[in-house]
Amino acid sequence: MPFLYGGVVQDHRWLTEQQFVDAVAVAMITPGPVVITVAFIGYLVHGLLGATVAALGMFVPVYLIVVVLAPSYKRWAKNPQINAFVQGVTAAATGAIAGAVIVLARRSIFDIATVAIALISFAILSRWKVPEPALIGGAAIAGLLLKSI
């Protein structure tokens, strides 16, 4: 997400910061958030064709790599170098997700109401296993109620 933000908002200025945050928010309520985010951005930039090209450009290479490499996975699964590589990729992905959280938080948590919603959401997630759509719905309702006050 930080790289996507840099290209779409900062470099090309295809979207505003708020549009980017909206794209990510829409994507987070669906499976495959990155593909959905990219498709939404593609749609905003160039309509249905942009959405289609962006989604295919994000999804097809990964799909092809999985299809091509999956049959030989068992052969490589016990290789220590491959395992080290996979652990490194996992660590990098975790860092990228953390970076995305920071980028989104800076643009989404900007006043007392959003700080309260974020802290309460974090507390709920720390204590109970709550489905994400329920948490997002509750936070949306809280935001609407707080905005009307």
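## What counts as a pocket

A pocket is an open set of grid points with protein on both sides within 12 Å along at least five of seven lines. The structure examined here is a predicted model.

## The largest pocket

The largest pocket holds about 1,800 Å³ of space. It is lined by 40 residues. Nearest its centre lie Ala25, Leu104, Ser108, Ile136 and Ala139.

Five helices each give at least two residues to the lining: H2 (17-28), H3 (33-69), H5 (80-108), H6 (112-127) and H7 (132-148). How do the lining residues divide by class? The lining of the largest pocket has 30 nonpolar, five polar and five charged residues.

Helix H6 has 16 residues. From its first C-alpha to its last, H6 reaches 23 Å. That is close to the 22 Å expected at 1.5 Å a residue. Three residues of H6 are buried: Thr114, Ile117 and Ser121. Seen down the axis of H6, the buried residues fall within an arc of 60 degrees, so they line one face of the helix.

What covers these buried residues? The cover includes H5 and H7. The face of H6 turned away from the buried side carries exposed residues. They are Ile112, Leu119, Ile120, Phe122, Ser126 and Arg127.

Serine 121 sits in helix H6. Is serine 121 buried or exposed? Its relative accessibility is 15%, so serine 121 counts as buried, since buried means under 20%. Leaving out residues up to four places away in sequence, serine 121 touches Leu135 and Ala139. Ala139 is also among the residues nearest the centre of the largest pocket.

Serine 108 belongs to helix H5. With a relative accessible area of 28%, serine 108 is partly exposed. Leaving out residues up to four places away in sequence, serine 108 touches Val21 and Thr114. Thr114 is one of the buried residues of H6. Serine 108 and alanine 84 are 24 residues apart in sequence. In space, C-alpha to C-alpha, serine 108 and alanine 84 are 36 Å apart.

## The loop between H1 and H2

Arginine 13 lies in the loop between helix H1 (2-11) and H2. Most residues other than glycine have a negative phi. Arginine 13 is not a glycine, yet it has a positive phi of about 55 degrees. Is arginine 13 buried or exposed? Arginine 13 is exposed, with a relative accessible area of 65%.

Threonine 16 is found in the loop between H1 and H2 too. Threonine 16 is partly exposed, with a relative accessible area of 43%. How far apart are threonine 16 and aspartate 111? In sequence, threonine 16 and aspartate 111 are 95 residues apart. In space, the two are 20 Å apart, C-alpha to C-alpha.

Key. Residues numbered from 1 in each chain as written. Predicted model: local features only at pLDDT ≥ 70, side-chain atom pairs only at ≥ 80, totals over all residues. Heavy atoms only, no water. 1 Å grid on protein atoms, 1.4 Å probe; cavity = no way out; pocket = protein on both sides within 12 Å on 5 of 7 lines; lining within 4 Å. Points joined across faces, edges and corners; volume = space filled by probe spheres on them. Helix = DSSP H or I, 4+ residues; strand = E, 2+ residues; numbered from the N terminus. Nonpolar A, V, L, I, M, F, W, Y, C, P; charged D, E, K, R; others polar. Buried < 20%, exposed > 50% of the residue type's maximum accessible area, 1.4 Å probe, protein only. Expected span 1.5 Å × (residues − 1). Arc of directions from axis to C-beta. Contact = heavy atoms within 4.5 Å.
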